[in-house]
Amino acid sequence: MQAHGGSVWADFMHEDPVANRLWHHLYESFAPYQACLFDRDGEIAAILNSAPLAWDASDAGLPDGWDDQFERSVADLRAGRSPETLGALLIVVAPDRQGDRLSGLMLET
């Protein structure tokens, strides 16, 4: 899943200081908030990386970007807070599945 997410990034994205410092938290601390969509053949069609976020439901309280959200999510974790909002950090659709209208799928549980 981690390799799939980074496979579509431009090279400079692999050098982001926030991602390099905090990315391990996604799979160590925020594992329940990572998702993977498989196609019928068991191949990864899309992934989602997300983390809980403290947010007061105001426009002013929104993070300034994905990196600000990630910093805030980790700060909440370290402070022992359990935020109730989920913020998406990364959504990647496999290049060969882009345009397949995956966002309109009805998921079976």
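The structure holds 2 aromatic pairs; rings of Phe, Tyr and Trp (its six-membered ring) pair if their centres lie within 6.5 Å, with planes under 30 degrees apart counted as stacked, over 60 as edge-to-face and the rest as tilted. The model is a predicted one, in which local features need pLDDT of at least 70 and side-chain atom pairs count only at pLDDT 80 or more, while totals for chains, interfaces and linings use all residues. Residues are numbered from 1 along each chain as its sequence is written, and side-chain values use heavy atoms, with hydrogens and water left out.

## Aromatic pairs

A pair of aromatic rings is described by the distance of the centres and the angle of the planes. The table gives both values for each pair.

| Pair | Centre to centre | Angle between planes | Class |
|---|---|---|---|
| Trp23 and Phe70 | 5.9 Å | 85° | edge-to-face |
| Trp66 and Phe70 | 6.5 Å | 45° | tilted |

Helices (H or I, at least four residues) and strands (E, at least two) are DSSP runs, numbered from the N terminus. Trp66 and Phe70 both lie in helix H4, 4 residues apart, which is about one turn of the helix. Ring pairs link Trp23, Trp66 and Phe70 into a cluster.

Burial is judged by relative accessible area: buried means under 20%, exposed over 50%, and partly exposed in between (1.4 Å probe, protein chains only). Trp23 and Phe70 are both buried. Phe70 has a relative accessible area of 0%, whereas Trp66, at 28% relative accessibility, counts as partly exposed.

## Nonpolar core

In soluble globular proteins, nonpolar side chains tend to be buried together. A nonpolar core is here a set of buried Ala, Val, Leu, Ile, Met, Phe, Trp, Tyr and Cys residues joined through side-chain atoms within 4.5 Å. The largest such core has 13 residues, and Trp23, Leu26, Phe30 and Phe70 have the most contacts inside it. The elements that give two or more residues to this core are helix H2 (17-22), strand E2 (44-53), helix H4 (66-78) and strand E3 (85-93).

Leu26 touches Ala31, Gln34, Asn49, Ser50, Phe70 and Leu89, when residues up to four places away in sequence are not counted; contact means heavy atoms within 4.5 Å.

Strands of a sheet pair through backbone hydrogen bonds, either parallel or antiparallel. Two strands pair if DSSP finds at least two bridges between them. The 3 strands of this structure form an open sheet in the order E1-E2-E3, with antiparallel pairing. Strand E1 (34-38) and E3 are the edge strands, and each pairs on one side only. From one strand to the next, the twist averages 20°.

E1 and E2 run antiparallel and are joined by 5 bridges; the bridge partner of Leu37 in E2 is Ala46. The hairpin of E1 and E2 has 5 residues between the strands, and Gly42 in this hairpin takes a positive phi near 85°. E2 and E3 pair in the antiparallel sense over 8 bridges. Ser50 stands opposite Ala88 in E3.

Helix H4 lies across E2 and E3 and runs at about 55° to E2. Axes are lines fitted to C-alpha atoms, for helices over the stretch in contact, and angles run from 0 to 180 degrees between N-to-C directions.

Val93 lies in strand E3 and is partly exposed, with a relative accessible area of 25%. Val93 and Cys36 are 57 residues apart in sequence and 10.0 Å apart in space, C-alpha to C-alpha.

## Loop residue Ala57

Ala57 lies in the loop between E2 and H4. Although Ala57 is not a glycine, its phi is positive, at about 70°. Ala57 is exposed, with a relative accessible area of 59%.

## Whole chain

The protein chain has 4 helices and 3 strands. From the N terminus on, its elements run α-α-α-β-β-α-β. Of its 109 residues, 31% count as buried. Among contacts with a separation of 6 or more, residues 24 or more positions apart account for 60%. The accessible surface of the protein chain comes to about 7300 Å², of which 51% belongs to carbon and sulfur atoms; accessible areas come from the Shrake-Rupley method with a 1.4 Å probe, and for residues only the protein chains shown count as cover.
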